[in-house]
Amino acid sequence: MEKISELVYFLYSVVFHSVCMFLYCLSALESSDTDNGLCGWIIVALSILLMLATLPLSIWMCIKIVKEYERAIIFRLGRIVRGGAKGPGLFFILPCTDSFINVDMRTITFDIPPQEVLTKDSVTVSVDGVVYYRVQNATLAVANITNADAATRLLAQTTLRNVLGTKNLAEILSDRNEIAHSMQSTLDDATDDWGIKVERVEIKDVKLPQQLQRAMAAEAEASREARAKVIAAEGEVNASRALKEASLVIAESPSGLQLRYLQTLNTIAAEKNSTIIFPLPMDMMQAFMKRD
């Protein structure tokens with residue numbers, strides 16, 4: 001009884017795998033490109049017969065799995081299988097005629113190396129940045145370009161130099177967001193045929209030559225000193241006007257000048273100085289001057 005049950009289980013597994021592989025072969029034939037020609041059809045048919053003859057061992061060579069963030073591009077006799085990228089999950093390939101390439105669909109980040117750029121006002125600066133992109137169409141990324149990642153990196157460096165070459169130094173220092181947006185639009189349009197979507201571009205740092213930094217620092221210091229002198233001069237003008245108005249008010253009341261003297265004496269005494277200067281009113285001296 002045990003041998004019979006084992007034989008039944010083996011036959012059942014063989015029939016089940018055969019049915020699965022037969023259905024897969026039908027779907028493979030339907031998805032195959034009709035331009036393979038007679039020789040291509042013969043090779044595909046021989047591959048299917050070989051796979052059926054070696055069941056159930058061949059099934060482990062035909063089953064492939066791609067992860068959630070990956071897509072598989074299947075080539076049959078050098079042609080991309082109709083239907084586009086496969087995945088995520090389980091898919092089947094023919095052992096002798098099919099090959100596949102995995103494409104990562106996650107967002108990729110890379111640094112743009114520092115680029116020596118000559119600005120519009122003839123100033124040499126070193127600028128670097130960051131680019132975020134992802135593969136939007138796996139078929140185009142495999143079929144239309146040899147290495148999408150390397151091509152995107154080189155294009156980002158060239159685009160950075162081209163965009164900054166049309167800007168002044170002041171615009172580069174103040175309009176980083178606008179420059180990054182312009183670079184993103186240019187890169188996105190250029191990589192559209194490669195199936196790549198540029199999500200974001202950021203300018204990291206702008207480095208100036210040491211001589212230019214010292215010159216800009218000296219210019220800023222001179223500008224601040226000039227503003228300080230103008231503010232001090234305006235303060236002197238306002239103070240002189242206030243003193244003039246105060247003198248006119250005191251001139252109307254002679255006793256007000258004496259009160260001002262006493263207030264000044266009180267202020268000096270509050271500071272705990274060893275020397276006290278007491279202003280003598282000129283009115284007290286007029287009587288002695290008249291006697292002489």
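1. L52 comes out as partly exposed, at a relative accessible area of 32% (buried is under 20%, exposed over 50%, partly exposed in between, with a 1.4 Å probe and protein chains only). L52 sits in helix α2, residues 37-53. Together with I42, L46 and L49, L52 makes a nonpolar surface patch of about 360 Å² accessible area.

2. Before going on: this is a predicted model, where local features need pLDDT of at least 70 and side-chain atom pairs count only at pLDDT 80 or more, while totals for chains, interfaces and linings use all residues. Residues are numbered from 1 along each chain as its sequence is written, and side-chain values use heavy atoms, with hydrogens and water left out.

3. There's a negative patch too, built from D121, E171, D175 and E178. Patch members have over 30% relative accessible area and no salt bridge; like charges are joined within 9 Å, nonpolar side chains (Val, Leu, Ile, Met, Phe, Trp, Tyr) within 5 Å. A salt bridge here puts a side-chain nitrogen of Lys or Arg within 4 Å of a carboxyl oxygen of Asp or Glu. Charges are placed at CG of Asp or CD of Glu.

4. D175 lies in the loop between α6 (169-174) and α7 (176-190). Its relative accessibility is 31%, so D175 counts as partly exposed.

5. Of the 292 residues, 26% are buried. The accessible surface is about 19,500 Å², with 59% belonging to carbon and sulfur atoms (Shrake-Rupley, 1.4 Å probe).

Conventions
Lys and Arg count as positive and Asp and Glu as negative; His and the chain ends are not counted. Helices (H or I, at least four residues) and strands (E, at least two) are DSSP runs, numbered from the N terminus.
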